[in-house]
Amino acid sequence: WTGMGDSYAAGLGAGDMIQRFDGTCLRHDGAYPVLLNSHLQPHPSRFNFVACSGDNFPTILQKQLNPSYLRPPWGDRPEFVTLSMGGNDIGFKELVTLCVYSIPNPMSPLMECEDAIARSQRLVNSPDFVNDAIRIIITILRKGAERRIPNFKIYVTGFAQFFNERTTQCNNVSFRPDWLKLMLKPKQYLTIDRRRTLNKLARDLNAGLREAVMRASFGAPNRVFFIDYDRAFDGHRFCDRVEPNPNDAATWFFTYGANQAAIGDFLDSIPQIHDVFSGHSNKTISYDTLFRLVLNATAD
């Protein structure tokens with residue numbers, strides 16, 4: 001079976017980095033596909049881990065579904081695929097760097113948070129988003145069909161909302177690192193309105209992925225499933241408690257500076273900046289939660 005997708009599947013920040021294939025994918029041994037595989041052994045016996053931090057719809061098609069890229073290649077009888085995708089396609093990088101960390105975008109220095117939000121909303125609501133996701137799902141289904149596996153399945157994982165949007169203790173909180181004050185970029189505060197806006201984008205992203213799964217499943221019933229783990233993060237989001245608190249074990253995301261190993265990976269892998277700043281979990285428990293949800297789905 002194969003673990004595909006972006007940095008949410010690669011597991012950036014979870015455990016230790018696995019020997020990288022191309023120097024930038026930043027796969028870690030606490031990623032949910034790795035946890036899932038350790039539970040499934042010895043059957044299936046071949047695990048193909050091709051998820052890559054920073055990948056989007058085009059690069060998933062160009063690299064992860066390219067036979068010359070897959071290491072090891074798909075086996076003769078692949079059973080299923082797990083897939084995380086879509087965040088990089090709607091501009092999570094700009095959203096988090098501009099709207100949460102107050103980090104200017106070097107490629108678009110005049111872009112402001114409001115511009116990034118409008119762009120992401122436009123992208124996630126575009127028909128192209130769902131159509132591109134469907135194209136990837138159909139391509140994977142065809143690869144399974146080539147091997148004539150009658151029960152081949154795809155499990156598309158969603159995204160968790162980052163914030164508790166009802167509490168007030170974050171209204172005057174900024175996650176901007178202290179050294180960024182030298183860049184003269186105004187602080188962005190985690191007001192209730194800001195948290196609601198960013199959470200809505202995560203929900204819209206999940207809605208688009210769910211629609212893609214539903215439409216792609218029309219000709220392949222019981223083959224493609226959407227794994228929505230957002231509710232598992234209730235009580236474990238930013239602003240559930242006093243912030244900033246990067247060492248809070250009850251928060252299942254990390255902030256800049258909370259995981260020095262991941263920051264080191266980041267410094268070694270420019271331009272993968274968004275993968276350090278995009279709310280990935282450094283707590284094995286949250287990847288373990290996703291792993292168990294996927295495991296329950298595969299058991300069905």
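**The disulfides and their surroundings**

Before we zoom in, keep in mind that this is a predicted model. Its mean pLDDT is 80, and 76% of the residues reach 70 or more. Confidence is highest in H7, at 97, and lowest in helix H9 (residues 273-276), where the mean is 31. Over residues 258-285 the pLDDT stays under 50, although the model has 72 contacts beyond four places in sequence for that stretch.

The protein has ten helices and five strands. Of its 300 residues, 58% count as buried. If you take contacts between residues at least 6 apart in sequence, 74% of them join residues at least 24 apart.

On to the disulfides: the structure holds three. As a reminder, a disulfide is a covalent bond between the sulfur atoms of two cysteines. If you number the bonded cysteines in sequence order, the pairing reads 1-2, 3-4, 5-6.

Let's start with Cys25 and Cys52, whose sulfur atoms sit 2.0 Å apart. The torsion about their S-S bond is about -85°, so this disulfide is left-handed. Cys25 is in the loop between helix H1 (7-10) and helix H2 (32-40), while Cys52 is in the loop between strand S2 (48-49) and H3, so the bond ties together parts that are 27 residues apart in sequence. How buried are these two? Cys25 has a relative accessible area of 0%, and Cys52 comes in at 1%.

Next up is the bond between Cys99 and Cys113, with an S to S distance of 2.1 Å. Here the torsion is about 110°, so the disulfide is right-handed. Cys99 belongs to helix H4 and Cys113 to helix H5, so the pair ties together parts that are 14 residues apart in sequence. Both Cys99 and Cys113 are buried.

Cys170 lies in the loop between S4 and H7, and Cys239 in the loop between S5 and helix H8 (260-267), so the bond ties together parts that are 69 residues apart in sequence. Cys170 and Cys239 are both buried.

Finally, the nonpolar core. The largest one has 59 residues, and Leu83, Met85, Ile137 and Ile140 touch the most other members. Among the elements that each supply at least two residues of this core are helix H4 (92-99), helix H5 (113-125) and helix H7 (192-216). The largest share, eight residues, comes from H6. There is also a second, separate core of 14 residues, including Ala10, Phe49, Ala51 and Phe80.

Methods. Residues are numbered from 1 along each chain as its sequence is written. This is a predicted model: local features need pLDDT of at least 70, side-chain atom pairs count only at pLDDT 80 or more; totals for chains, interfaces and linings use all residues. Side-chain values use heavy atoms; hydrogens and water are left out. A nonpolar core is a set of buried Ala, Val, Leu, Ile, Met, Phe, Trp, Tyr and Cys residues joined through side-chain atoms within 4.5 Å. Buried means under 20% relative accessible area, exposed over 50%, partly exposed in between (1.4 Å probe, protein chains only). Helices (H or I, at least four residues) and strands (E, at least two) are DSSP runs, numbered from the N terminus. pLDDT is the predictor's confidence in each residue, from 0 to 100. Contact means heavy atoms within 4.5 Å. A disulfide is a pair of cysteine sulfur atoms within 2.5 Å.
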